[in-house]
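Morning, everyone. I'll take the whole chain, then two residues. Here it is on the screen.

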Amino acid sequence: MNALKISSNIYLITVSLIGCMTFVLFHKFDFHSASETVMTYAMIGSVLLLTHYTFQIPPEKNALSMDSAIYLASLYVFGLELTLNVLFFTSIIYALYQWKITRWKHFFNFSIYSIMIISCYFLFIFSGGEIGTINSENLLPYFLSLSLYFAINSVLIGMYFILSHSEDLVSVFKGIYKDKTLLISYTSTLLLSLVTGVLIQEEGIFGLFLFVCIALLLSIAFNQHFQLFMDISKKANKDFLTGLNNHGYFKEILEKEVTAAKESGVPLCVALLDLDDFKKYNDLFGHIHGDHLLKKFGCLLETESKARNHVAARYGGEEFSIIMPNTTSREAMRFINELRKKVNDTYFEGVEALPYGCLSFSAGIVESDKGTYNSSELLKKADQAMYHSKAQGKNLVQIFSEEHTKNSLKGPLTYNKELESAEQQLKIFLSKDIYTYRHSKRVFQYAVDFARKLELSDHERRIMTLGALIHDIGKLEIPRHIINKKTRLDPHEWEMMKKHVTWGKDIISANKQLEETIPLVELHHERYDGKGYPHGLKGENIPKLARILCIIDSFDAMTTERPYQKTKTFEEAIVELKTCSGTQFDPKYVGPFIELIEQQYNI
């Protein structure tokens with residue numbers, strides 16, 4: 001980066017010195033007559049006006065001045081000295097007027113104009129051009145000098161972009177010549193120099209006045225049309241409800257970013273987000289409130305994305321998308337997880353009626369690599385990762401992983417007949433405690449992955465995953481108003497909540513196929529230091545699988561919204577696991593579980 005800055009600075013100094021030396025070498029401050037002096041002042045005023053009232057042309061923030069038409073007309077009619085006089089005094093006045101612009105830009109601009117005007121003059125004379133009259137019978141000198149003027153401008157500006165932005169020569173000039181609007185506008189300005197010359201030659205200052213008036217009127221008209229064009233373009237590219245980029249424009253940007261990432265080798269991530277239980281919100285409050293929720297979420301998404309130079313869009317319905325240029329999957333995971341936490345912690349009207357008592361989303365992230373074929377492939381993978389988050393219980397972020405997809409079960413709840421039977425019992429939660437149901441599904445998936453990492457035996461793996469799925473089934477016996485309470489539980493309510501482990505044991509005991517999971521259901525809230533419940537068991541007196549489940553259950557509880565406690569990010573939850581290692585959790589399994597989370601979520 002420093003090398004780029006040094007090389008571009010050296011280039012600026014070199015061009016500025018060459019331009020200033022060329023100006024000093026070929027210029028003399030001579031005013032041969034009063035009429036030329038008046039014409040010089042008139043041209044200075046005209047150039048300043050045209051420099052101020054520029055033409056706005058696509059893309060946005062691209063402007064073109066018609067001052068070159070006056071410089072060239074002056075060169076053809078009055079010669080080099082008067083033209084350089086106009087350039088010199090105009091540059092000084094403009095630098096004083098635009099004093100906020102850095103000085104090197106004024107020097108660089110003056111130098112480029114000096115080089116272009118002087119080079120153009122000598123080629124014009126060398127090719128047979130005559131100063132003082134516009135000769136329509138010999139257009140070759142005009143054509144050659146205008147071409148040189150354009151070429152020098154393109155090369156000098158193009159070289160600066162090559163050095164300052166580390167772009168290659170071909171792509172810079174290809175970009176210049178590919179921009180048809182700029183090319184045609186600039187060429188028209190150069191050709192208008194001949195028209196200006198004829199007007200000045202025939203009508204003097206009045207001819208210059210006519211040209212400036214026409215140019216100013218054209219500038220105003222073009223700028224109004226440009227503004228209309230930009231308004232229409234923005235409307236065509238924006239979602240009318242949220243103000244975010246719409247689906248079509250998102251895909252257009254993504255295609256460009258994928259191509260750029262392939263060429264430059266910089267990382268690129270894409271995320272798809274789907275609001276959880278949005279249909280339920282619509283059913284409860286109606287589509288008007290639903291639209292209002294989408295709009296508020298869109299504003300939050302836009303604010304958070306813009307702060308990191310990401311591009312947010314409404315993908316469709318309650319789905320949103322984010323393009324994250326120059327971002328690794330690890331960085332993307334951190335950002336989306338922080339965004340998920342912020343959404344959980346931000347109040348939106350009516351969200352207390354949703355299962356989590358807050359607004360949440362499920363998200364999938366994918367990082368582009370050299371093997372990525374196109375943007376459609378990226379979106380497909382992000383979509384798969386997002387639905388994996390949904391399947392795990394919602395309010396989660398998942399990074400797409402080929403290995404994870406390959407090794408995972410066909411579906412999180414289709415392990416075998418025993419799992420299917422347990423799932424049927426667990427579905428009772430759907431009518432009473434959707435939070436616990438989803439929590440159990442997520443804990444189950446963590447258990448599947450952790451059992452694989454620990455290389456548990458098939459028997460232990462079976463008990464572990466079954467126990468994870470049904471570990472909170474005892475909450476069926478807890479009254480609805482306690483389960484759904486938004487504030488902290490009272491002491492007597494907490495005592496009742498703690499009984500879910502013994503009630504769960506009683507429920508499981510009635511099913512012989514699940515009796516091996518009883519230690520997990522009953523003891524997953526025992527602590528390694530002996531301060532847990534229901535029996536206060538300590539250390540290895542707690543069954544191994546119950547100690548493992550305690551870690552998994554606590555991690556998911558920390559990282560998803562609960563009625564009376566705010567969400568922790570994955571990083572914050574990992575810190576909590578480390579802090580409580582040896583007290584609440586068995587230190588033997590805390591490290592491997594953290595490794596699993598860090599690997600899966602690139603933390």
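The protein chain exposes about 29000 Å². Carbon and sulfur atoms supply 59% of that area. Accessible areas here come from the Shrake-Rupley method with a 1.4 Å probe, and for residues only the protein chains shown count as cover.

Some ground rules. This is a predicted model: local features need pLDDT of at least 70, side-chain atom pairs count only at pLDDT 80 or more, and totals for chains, interfaces and linings use all residues. Residues are numbered from 1 along each chain as its sequence is written, and side-chain values use heavy atoms, with hydrogens and water left out.

Now the overall picture. The chain has 603 residues, and 49% of them count as buried. Buried means under 20% relative accessible area, exposed means over 50%, and partly exposed is in between (1.4 Å probe, protein chains only). The secondary structure comes to 25 helices and seven strands. Those are DSSP runs, numbered from the N terminus: helices are H or I with at least four residues, strands are E with at least two. Take the contacts with a separation of 6 or more: 72% of them join residues 24 or more positions apart. Contact means heavy atoms within 4.5 Å.

Next, two residues. Is Met 21 buried or exposed? Met 21 counts as exposed because its relative accessibility is 58%. Met 21 lies in helix H1, residues 2–26.

Ser 305 sits in helix H12, residues 287–306. With a relative accessible area of 1%, Ser 305 is buried. What does Ser 305 touch, leaving out residues up to four places away in sequence? His 310, Ala 312, Ile 322 and Phe 335.
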